[in-house]
Amino acid sequence: MEKEEDTVNRIVIGIGGQGSIIVNNILRMLKFKTGKLPKNEEFLIIDTDQASANACSEVEERKKIILNRPDTILMRNTNRWLPDPYLSAAGAGCGQHRIYGRAMYNVHRERIFSAIGTTASELRNRTGGKDFFILMVCAFGGGTGSSMLLDVAIDIRDWISKQFGSEPVMFGIGILPSSKESVLPTGNALGAMKELHFLMSHTEDLIIDDKNYSNPFKLFFLLGRDLQGQNRDEELERAIPRFLLDLGFLPGGTVETKGKWLDLNDLQNRARGYENRFDSLGYYECVFPTEKLFLYYDIEDEIPRVRQRLVEIEAKISDIRGKIDSQRGELERFEGRIKDVQREIDSYESAAGMFSHVNTAATADAKAKLDRARKKLSSLKEEVFDLEIKASDAEEEKRLTERNLERLEALKNKLFREITSPLNTRSYHQIELSEEEIRSLKRSREDLKKLSFFEIMKKLDREEEYFRWTHSPINEGDIIFNPMVNYRHSIGNAMTSKYIDILHDYGFLSLDAQGNVVNEEEKFGHFIAVLSTRADNFDDARLGGGAFKSMVTERFTKDADVLKLNTPARAHSFAMYTLMIGIQPWAPGPGLPPRLRELEWLEHAYSASDFSKLPRHHSLFYGTPKPFSIITGIPYIPGAEEKNMDMVTNYWRDYEIIEPEAIWNNVPIVLAQCLKMFDDLLTGMDMAEDIKNVRVPDPESYSIANLTMLVHGFENASKSMEKVKRWTKEAERGFMVLKNALDELIFKLKGLEKAPAKDKAAKMLRMIDDSSRNMEILLDRIEDLSNRFSDDIKSVIEKGMVFLGRIPSEETTSSVIRHITKAESEISKLREDSMKVAKGIKEMGGPLAAMLSALKELKKITESGESEAEVEGGEERKGKMKVVEMPDLSLNIGRGEEGE
Amino acid sequence: MEPSSIGILIIVILLIIEVVVMLTKLKVDKLLLLMPITGVILAVISFGLNEYRDKILSSLSDSASYAVIYILLAAGVISGLFGVAVWFKGEKEARRLSSAAKSIDSAVAEIESDIRGSGMEIEHFDDEMSGIKKKVEDYESKEKEV
């Protein structure tokens, strides 16, 4: 089915360094693919770094909006709110300061608009269409793209809506920094995400001072630069343009496809309801290295030709050198000869008189010839000199060419290595070829161009491998892999899996046959896998799209589709693009990793900046306190720029990327952590109880065996005591953390208007009741154990002392004395530690009692579904909680270690 | 007029023609013309003596007067021939020198074309090697794309 001609005007805007590079790459690929730019598309870049913009050679100069740094006076006049330290920026562009980027935007706003407006008007005049699709690309870590993206998006949306009467469809692509980047870009990325999430969560129009602060984006794709610890910039730079071009977003309407297809409208429909969530792209490609192979063959054929030619050139240059020598001799000889002839002419002329005849015309002619020859000779001497230099240069050039030949040889070897042992990642697989296969394919290289990927693999008798790398990833569900998205936290660690068990027991989630978590609420919106290759590379029977769809919808997503895209241009590649729409980036609960992996290091870097440094990570609402105040309900003081700025910074610092309703999902997680901790506590207390059960032999029946048994008993008791001592400290800290988590959760729930679903609330209440009951039991046991622990140990020690005291003196050999000394030393340790352990056990009661009251409060909130009260000091707790991880109390007191 | 006078007159005329030719066509040095002119004068004298032998050489015997006449004539002819011979010699030398200059000129031109040829050949090699370099760069950039 050929698509109809596309009339939607498309503008691609790259903001900042990386955004511009990606736009440049898109243009390069587009020109390579189609040879020209479609009339309904325009490409713009906005950058504050001249050098970076200059590097974008594919972008027309007039489409480059390069913003120069204004002088401080202009900066100050335009941005009265801008604090002095941010009036200028270090390094290139915005110096990675988002606040500076916003100030730059304010200075250059009119220029940016004039350029984008002109482009939009040109497109409108050219196509006659009034519908616009705008794609904005930028990196979140820099200063320019991340700071201007939101303002540019809002302003363009408003301008086009007013100008052409139709709201543009806007998609965004944001690239997040890798875990290896410094604090500044990493913190910037979280700042930008917070602001973007804030806008995204406002789906209804919110017009203040003629500016609409609602979400301008229909879809916003987040992409990471990190692939399992490796930088994936190259992959990103390749994947983004390919995604846009192969899927037909650019250039519009050139994609051939059969049946159902994913167009802009379809994609918008799928994204409906998830506009307030992020999206992500995944990319997997299996390729047959035809292009590499052809290049390898070309180079392989070229090298001997070049080598042969260089030998010939060398011989010729050497010939020329010989000639030059002989020519120089000739010239010298002729110089002498000219002198001789000149002399003869002179003497001939001087012989005039009665007895001689001088032919003056002939001599004049001869003289002229000699003159000419003399002149030529002198110029030839120079030419010979030049020629000699040229010959030397040519020899030098030849040596350089030989080096080039070596480079070519190295390139050939590199290609050979890349073909025979490619560096495959989880998202890119290149078919590995043997030396023999490379040789055999060369004989039929012309046929390769016509054959499909599958046919080539068939020719090589490697069909199964072809299906394994192209069809099985869909069949077996591997295609779901996206390095950014972690929807499998259940496999995080042993502690997490215990939470999962508890949550499963209470019916909050279910587990499939492979032990994977199935939780409706945690699923993201849509998963779309687009398979892009030549039609004859597909084998529908092997694809198993239906099975894949049901597997994916069961575990990860609410809806899924596998779409086949016939792209003949990519005959020897089998690409799979995955669109994940409506991702929940936040952690499913305290102590669990966020679903968007990047958040782990972004939050860490962001929290490394103290309040005074936070403005460098933020942009939105600085200088515009009025709309901020109207939207957030936080009052502002007109004219008090510094205070208003601090207020905005404060708001961003505390802003969390989470949907308020999702906070209810934290309740079972925190409760599961409570229940797990209770289990751990019981285990610890059992171990403490066990210490007193040291077997002390009857003092009347002394034997060396009994003495040895007693010493071993005390040694084990001492070890257990040491463990229990450590554990009580850890447990107390753990309970404090859990108590804080509970308090914070209660604080957040109190601000919520929406109550959980009834059945969910019932499950939560059951969990709260169980937790409270367990806690009461524990408190009693702690009370009991702490009261009698020291006495129990004391009694065991006394019994042991009696046994030792009754050892007959005739039995006290040196070995027995050693045993007695050892036993006494262990007894002394036990006596000392028993006091500490008893104290530790007692102290655990404090946080537990506090937790019990928190649980009661939680129960009240859950029962009522909402609450009005504010908890004082909540914000302080919030700050504390973010950096604390839940300790795993079970690590040191596992039952397997009890026998030690 | 006696036949001998006619013969002498022819010789005179020939010598005059020689002088005229040498003067006009061969553009010889004026001094070299002295010889043929002397020859003409001697021949004219000889003609005059022959014509007026009876009056001028009457004192001499016939044989002596003939001897005078023919000696003068012979001297005139020799002068004329000498002038021609000198001219020939000069011309020959001039031609030799001219051809020597020409041969030098053409040999130099040959060397010039040789040198130019070598220069062009080297330029061609340079172009060829730049082409190779460009090809290598093309391969390298292609390698980045594949």
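1. A quick word on terms before the notes: pLDDT is the predictor's confidence in each residue, on a scale from 0 to 100, and two residues are in contact if their C-beta atoms, placed from the backbone, lie within 7 Å. This is a predicted model, in which local features need pLDDT of at least 70 and side-chain atom pairs count only at pLDDT 80 or more, while totals for chains, interfaces and linings use all residues. Residues are numbered from 1 along each chain as its sequence is written, and chains are lettered from A and ligands numbered from 1 in the order in which they are written.

2. On confidence, then. Chain A has a mean pLDDT of 84, with 90% of its residues at 70 or more. Residues 866-900 of chain A stay under 50, and for that stretch the model has 57 contacts beyond four places in sequence. Residues 255-260 of chain A also stay under 50, here with 12 contacts beyond four places in sequence. I'd keep both stretches in mind while reading on.

3. Now the make-up of the two chains. Chain A has 26 helices and 18 strands (DSSP runs numbered from the N terminus: helices are H or I with at least four residues, strands are E with at least two). Of its 900 residues, 44% are buried (20 or more other C-beta atoms within 10 Å of the residue's own; 12 or fewer is exposed, in between is partly exposed, and C-beta atoms are placed from the backbone). Chain B runs α-α-α-α from the N terminus, with 4 helices and 0 strands, and 35% of its 146 residues are buried.

4. What about sequence separation? Among contacts with a separation of 6 or more, residues 24 or more positions apart account for 82% in chain A and 73% in chain B.

5. The interface: 55 residues of chain A are in contact with 45 residues of chain B. On the chain A side, the elements giving two or more residues are helix 9 (290-350) and helix 10 (360-420). Helix 10 of chain A supplies the largest share, 25 residues. By type, that side of chain A divides into 29 nonpolar, 8 polar and 18 charged residues (nonpolar: Ala, Val, Leu, Ile, Met, Phe, Trp, Tyr, Cys and Pro; charged: Asp, Glu, Lys and Arg; polar: the others, Gly among them).

6. Have a look at helix 14 (residues 463-470) of chain A, where Tyr466(A), Trp469(A) and Thr470(A) are buried. Down the axis of helix 14 of chain A, the buried residues fall within an arc of 90 degrees, so they line one face of the helix (the arc is that of the directions from the helix axis to the C-beta atoms). Their cover includes strand 12 (278-287), strand 13 (428-430), helix 13 (453-459) and strand 18 (573-583) of chain A.

7. Two backbone spots to check. Asp209(A) is not a glycine, yet has a positive phi of about 50 degrees; Asp209(A) sits in the loop between strand 6 (207-208) and strand 7 (211-212) of chain A and is exposed, because it has 9 other C-beta atoms within 10 Å. Phe621(A), also not a glycine, has a positive phi of about 75 degrees. Phe621(A) is in the loop between helix 19 (598-607) and helix 20 (625-632) of chain A, and counts as buried because it has 26 C-beta neighbours inside 10 Å.

8. Last, Ile71(B), in helix 4 (residues 62-145) of chain B. Ile71(B) is exposed, with 12 other C-beta atoms within 10 Å. Its C-alpha atom is separated by 9.6 Å from that of Ala43(B), 28 residues apart along the chain.
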